[in-house]
Amino acid sequence: MASVLKRDTVFENIPSIKAKTLRINLNPDIYGTYSEIGAGQETARHFFRSGGASGTIAKAMSAYDKDFSDAIYGIEDDGRYVTQSRLKKMLSHEMTLMEERISRETHPERLFFSYANTVATIDFSKRYKGHGWVGIRFQLDPNQKELDEIILHIRFKQNEARLQQETLGILGVNLIYGAFYKYHKPRKMLKYLYDHIDKDTVEIDMVNFSGPNFKEVDNRLMSLQLIRNDMTDAVMFGPDGNNFLPAAALYKKNILALRGSFRPVTKVNMDMFHKSYDIFIRDPAVNQESTMVIFEITLSNLKASGEIDEQDFMDRAELLCSLGHTVMISKFQEYFKLVEYFNRYTKAKIGLTMGVNNLVDIFDEKYYRHLSGGILEAFGKLFFKELQVYLYPMKNAETGQIMTSNNIKVHPRMKELYKFFKYNGKVMDIIDYDPEIMHIFSRDALKKLINDEEGWEEMLPEGIPQIIKDENLFTRKLVKPKEDKVE
């Protein structure tokens, strides 16, 4: 590892793409392959042009023909080529060849790497913007057996294939450079991926770090960084804590989404989930096998005290993941934007589970003043096609009345609009709710927990209080990472 760092500190602050490629080319130990499919050999081109490439590039190739590609990397089960599975096969195959063909006896200090991308650029009709998988498998010590790996997914926003190719080439250089010289600052590395690239040109909507040098990296936090850095609008991670691509997870799925703070997750949250899920899967239009349940938290919901507390975020994620749920973090404050996002990837049925207070907010005009079509524009997107709201009742604290879709109070101007959606079956009450838990709110449970008051355990699902106690969740102070203090 030292061999990477000790020789090149003089170049630390040189930001140009040429300087990055030259720094790598002049390092006698870094040596690897470039396999790029779908957008030319744009990354390798930068290394060839900067000089000294023979010291870095063992092989550069583009298996554009599908038969050639299948012969080299194997046939994908789904028949597709721009997939994470394909990228991993490319990385694995090329790294294996490196280790087989380059003698360790002759080159004991060599640090091997395999860089790959598989990409589809914009089509001729310009309706499909294009996307791709980009990754690197590498070692920071010549004796390192378990390799490090960084994999990310990108979406192009430019309207010309040539521009997308150029963007991909720069991004590839930034990734390789970051892997060897910024691996110890993974948060910074994410930002450095946009060196010399405008964020309006490409979106990074998934990233995963793995390997011995990233053992301390929590990919859920990296996911959060993508949102905070305006690299994407939404990210998802599963119960295992690894990020996955929203487009792949949501593709042609029936989606049931629950929005909340989940700070912490309560019995009411779980009752809302179970009861709405039972209704959702009984719908003839819903295939249970292709149904995705999402616990969604908006970025604004994470800003409990004005700024995002990462420890607080991790505590919420820990509990939801322990219950086996998929979590989405999004920038969509309005529900219609969330539904718009889902509609990018599926035309199947979508369900939104929410409380009465959330539904009342949806019918508040003040949230739609920025839209030229106002609330009508928002509702046209929200209740588009196969969408249904599953409404969990609320008990009025003053009167004791149970508030449902039949007696909620919306603004007088919105009454007729509300009736239209209500009578057309877009809003369905959850009637088999548990009346014994209606008094429970996350904020009250959290207050009791923080103040060490009795009674908070009874407000949470079975097993959750013990996890909170064992892990000391929601009571730890955030320690800001050192790498965020030093540029």
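**Notebook: helix packing and overall fold**

I started with the contact between two helices: Glu42, Thr43, His46 and Phe47 in H3 meet Gln165, Glu166, Leu168, Gly169, Ile170, Gly172, Val173 and Ile176 in H6. Contact here means heavy atoms within 4.5 Å. Helices (H or I, at least four residues) and strands (E, at least two) are DSSP runs, numbered from the N terminus. By class, this contact has five nonpolar, five polar and two charged residues. I counted Ala, Val, Leu, Ile, Met, Phe, Trp, Tyr, Cys and Pro as nonpolar, Asp, Glu, Lys and Arg as charged, and the others, Gly among them, as polar.

I noted the ground rules. This is a predicted model, in which local features need pLDDT of at least 70 and side-chain atom pairs count only at pLDDT 80 or more, while totals for chains, interfaces and linings use all residues. Residues are numbered from 1 along each chain as its sequence is written, and side-chain values use heavy atoms, with hydrogens and water left out.

Next I looked up the geometry of that pair. H3 (residues 42-50) and H6 (residues 161-181) pack at about 65 degrees, with axes 7 Å apart. Axes are lines fitted to C-alpha atoms, for helices over the stretch in contact, and angles run from 0 to 180 degrees between N-to-C directions. H3 is therefore roughly perpendicular to H6. Angles under 35 degrees count as roughly parallel, over 145 as roughly antiparallel, 65 to 115 as roughly perpendicular and the rest as oblique. The crossing of H3 past H6 is right-handed, meaning that the near helix is turned clockwise from the far one by less than a right angle.

I then turned to H8 (residues 219-228) and H12 (residues 310-322). Their angle is about 125 degrees, and their axes lie 11 Å apart. That makes H8 oblique to H12. This crossing is right-handed too. From H8, Arg220, Leu221, Leu224, Gln225 and Arg228 meet Glu310, Phe313, Met314, Ala317, Glu318 and Cys321 of H12. I find six nonpolar, one polar and four charged residues in this contact.

I checked H13 (residues 335-345) for burial. Eight of its eleven residues are buried, that is, under 20% relative accessible area with a 1.4 Å probe, protein chains only. Among them are Tyr335, Phe336, Leu338 and Val339.

Last, I took the whole protein. I logged 18 helices and 16 strands. The radius of gyration is 25 Å, close to the 23 Å of the globule rule for 487 residues, so the protein is as compact as a globular protein of that length. I also noted that buried residues make up 55% of the 487.

Technical notes:
The radius of gyration is taken over C-alpha atoms; the globule rule is 2.2 Å times the number of residues to the power 0.38. Buried means under 20% relative accessible area, exposed over 50%, partly exposed in between (1.4 Å probe, protein chains only).
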